[in-house]
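Here are some notes on the model, as numbered points. Please read them with the structure open.

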Amino acid sequence: MAASKETVLEGRHFINGATACAEGAIIAGCRFFAGYPITPATEVAERMAERLPHLGGVYIQMEDEIASMAAILGASWGGMKSMTATSGPGFSLMMENLGLGLMTETPCVVVNMQRAGPSTGLPTYVGQGDMMQARWGSHGVYEIIALAPSSPQEAMDLTITAFNLSEEFRLPVLIMGDEIISHMTERVVIPPADKVKIYPRRMPKVRPDDYLPYQPDKDLVPAMAPVGEGYHIQTTGLTHNEKGYPVMTSEAHQKLIKRLVDKIILNKNKTIRVEEENTAGADVVICSYGSSARIAEWAIKEARAKGIKVGKLRLITVWPFPEEKVRAAAKKTKAFVVPEINNGQIALEVERCAAGNAKVITVPHMGGSTHNPQDILESIIRAVK
Amino acid sequence: MENKISQHPLDEFIRQDRMPHIWCPGCGLGTVFSGLLNAIIKSSASDVALCDEPRPVGRETSPAGGGIDLNKVAIVSGIGCTGRIAGYVRFDGFHTTHGRAIPFATGLKLARPDLKVIVVSGEGDLFSIGGNHFIHAGRRNVDLTVVCVNNSNYGMTGGQCSATTPVRAVTTTTPFGNFEAPFSLPHIAAAVGAVYVARWTAFHAQKMQASIARAIQKKGFSFVEIMSPCPTYYARMNKLGTGLDMMKFYKDNTVIANEVKLEDISITRGGKIVIGDFIDKDRPTFNDLVEEMTCKFTPAGHAKPSGEDKQKLELH
Amino acid sequence: MKNKKAKTAAPIGASKANQEVVEVPKGCLTLIKDRCKSCGFCIEFCPKKVLEFSSESNAKGYRVPRVKDPDKCILCGFCSMYCPDFAIYQTKNKEK
């Protein structure tokens, strides 16, 4: 299925990450946006407010982020691809309804343009402190998909990917951007509509009378019937069976949660994306994501100029965590250097997967700016001593 | 008449494989459920006379009158005893998170204006945790029907106080008596601009059913509060007897007063309950205003941008 | 009118043994006894006092009502309107 020609603004543009993210959503078929203003994600909402009404879509500014998350779930059930965009404080508010989206298997995209936290923090300055929250922020047992763009171009591309993954696996997919990416203006190339593949909503192949809302296909993902067509859908946040009816037993819960977890874990090959370069035989591998990866580029160049064999493993998919990639790289290198604008979050995952085969050196930064690239360079130099 | 097996007229609209429902003997929810179903069915008949204007050609919203398509009825509920209704109806039913039925329903309705979206939930769900969402949906005048069952406590979790528990009433979290003044729900609904506001009790089943039907068929944010007995908790803890005793109390201690000052009609212990059809008016809905100002809002299709629009859409 | 698209379990209490159909002037009252939870609404709010509690209990131990004075029933529909459990309803004879 290709994107719609009328709505894709094909060509070369000079736009910021937030705008690019909005355009990516529109290309992917998003026609519903519910959000709440919050720095540094507000521009996504503003762009959607301008664009959606003329595309037959809906922009609504909800009263808070809790309502925004609920509204995009409702709109998704109403058949419109939907998205919201926020930052740390709003992301925290969205957690409960994110769980509802996971439990009811509702496709949608949630964008977090991270800023320095915790709490109100530094609204206009970058942070990357929500990475673990992206994985564990909602209560209970679940898996999530989260993608981290490192440029406005990627903000657009990965938003399209996020919509496709959300439809393919029926869950909310997260875009873990940050303030730098959101407010950075760079060249963004929007391809022709027919070059963009769109994953369509999975429609049931059975008659309404025979439809079971949570009967999975072979890939563990159920078809999603449209509302108002006689399918008599049932959804609930309670533990449920294939009919969508609450079943209050441990057995039913284990069966359901196992499927929700497996549908992501067993299909990891479709979701894992990294940028890997020169990791074989490297003295040190820089493992980073988002705007930190941009800063690390300078340090990589300088270190290589000094004769250090530096590999790069840039995480594009952060969750599910690219375990195999890190495990394999750990066997080929002596050390990982993990710069991130937090006190070491993804570094914990790298350390877990490195399993002692390579040192893991974190380059933390509590937030408010990107790293001084010199700090990353010094960590690389220390790593090879 | 022969002695044959026949079916209760509402059985086909109920998920029989979920019956019996969980509500206690004497709980008014079954009566409300029955009234809701009858109101929906009544609204699907094409000969129901109503005063709303017919829909303009090309506008894919539900006809503002009878003749609603039963396949296009969607029930959205929150958490609590009342919230279980979404799971019992043979329509599209969405059992969402506590307090968040209204924003979910807003998203659903705006994505599919052709649906008849009815929010059915309890007073704790809609006005405590959900209060903020209620007032904004009312302010926006999204075309939703909200049916609120008010049993003066949080029944599902064992009888704690709620925002409508009368002063001095005893609940598990107000063992000395409730220190807090309760809301008047019709007052809040009217204050935020609901176009239809009514309060009845489960005893006033006919009026309740007619109000729900009116609310369903009316365009805009419509609100019906229904007082209902909670025999297991509220009635027992406040020595109000059985569910039947509370129904008889509603029969003998209610006053129908359509023109009353809504801020004065919160519930008091042992006092008269004022019920009636309080507000029935019209004002532009959210979608009306979007359409007026964007001029090209077509919910179901993609509008092709005009030449002028394309210029505006060019990224700068 | 049976919904032809319905694919549901059989209505609870729909077996012959559980339904009591009582003829009244102009129609009949049907009591689906296994659904009853003895709330008493139908008995109390019948304007003609046609119903009373019987000495019979259903499978769950709830005392079920019986039609005491069928000839007084005017098929007003209050019993079924109030019943929270869909355990009683009336059927009107077709007009001749």
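1. Some terms come before the helix pair. Axes are lines fitted to C-alpha atoms, for helices over the stretch in contact, and angles run from 0 to 180 degrees between N-to-C directions. Helices (H or I, at least four residues) and strands (E, at least two) are DSSP runs, numbered from the N terminus.

2. This is a predicted model, in which local features need pLDDT of at least 70 and side-chain atom pairs count only at pLDDT 80 or more, while totals for chains, interfaces and linings use all residues. Residues are numbered from 1 along each chain as its sequence is written, and chains are lettered from A and ligands numbered from 1 in the order in which they are written.

3. Start with chain A. Helix α11 (residues 323-332) and helix α12 (residues 346-354) of chain A have axes that come within 8 Å and cross at roughly 60 degrees. The pair α11(A) and α12(A) is therefore oblique. (Angles under 35 degrees count as roughly parallel, over 145 as roughly antiparallel, 65 to 115 as roughly perpendicular and the rest as oblique.) The crossing of α11(A) with α12(A) is right-handed, that is, the near helix is turned clockwise from the far one by less than a right angle.

4. Which residues of α11(A) and α12(A) meet? From α11(A) come A:Glu323, A:Val326, A:Arg327 and A:Ala330; from α12(A) come A:Val350, A:Cys353 and A:Ala354. Contact here means C-beta atoms, placed from the backbone, within 7 Å. By class, the α11(A)–α12(A) contact has 5 nonpolar, no polar and 2 charged residues. (Ala, Val, Leu, Ile, Met, Phe, Trp, Tyr, Cys and Pro count as nonpolar, Asp, Glu, Lys and Arg as charged, and the others, Gly among them, as polar.)

5. Chain B has 11 helices and 10 strands. Of its 316 residues, 56% count as buried. (Buried: 20 or more other C-beta atoms within 10 Å of the residue's own; exposed: 12 or fewer; partly exposed: in between; C-beta atoms are placed from the backbone.) Of the contacts in chain B with a separation of 6 or more, 66% join residues 24 or more positions apart.

6. Look at helix α5 (residues 131-140) of chain B. Its buried residues are B:His133, B:Phe134, B:Ala137, B:Gly138 and B:Arg140. They lie on the same side of α5(B), because they cover an arc of only 165 degrees around the axis. The arc is that of the directions from the helix axis to the C-beta atoms. These buried residues pack against α3 (65-77) of chain A, and against α3 (101-111), α4 (123-128), α6 (185-191) and α10 (286-294) of chain B. After α5(B) comes B:Asn141, with a positive phi near 55 degrees.

7. Now the contact between chains A and B. Chain A gives 46 residues and chain B gives 42 residues. On the chain A side, α3(A) supplies the largest share, 9 residues. That side divides into 24 nonpolar, 17 polar and 5 charged residues.

8. Chain C has 2 helices and 5 strands, in the order β-β-α-β-β-α-β. Of its 96 residues, 42% count as buried.

9. C:Leu51 sits in strand β3 (residues 51-57) of chain C. Is C:Leu51 buried or exposed? C:Leu51 is buried, because 24 other C-beta atoms lie within 10 Å. Leaving out residues up to four places away in sequence, C:Leu51 touches C:Cys42, C:Ile43, C:Cys46, C:Pro65, C:Val67, C:Lys68 and C:Cys79. C:Leu51 and C:Pro65 are 14 residues apart in sequence and 6.4 Å apart, C-alpha to C-alpha.

Conventions. Two residues are in contact if their C-beta atoms, placed from the backbone, lie within 7 Å.
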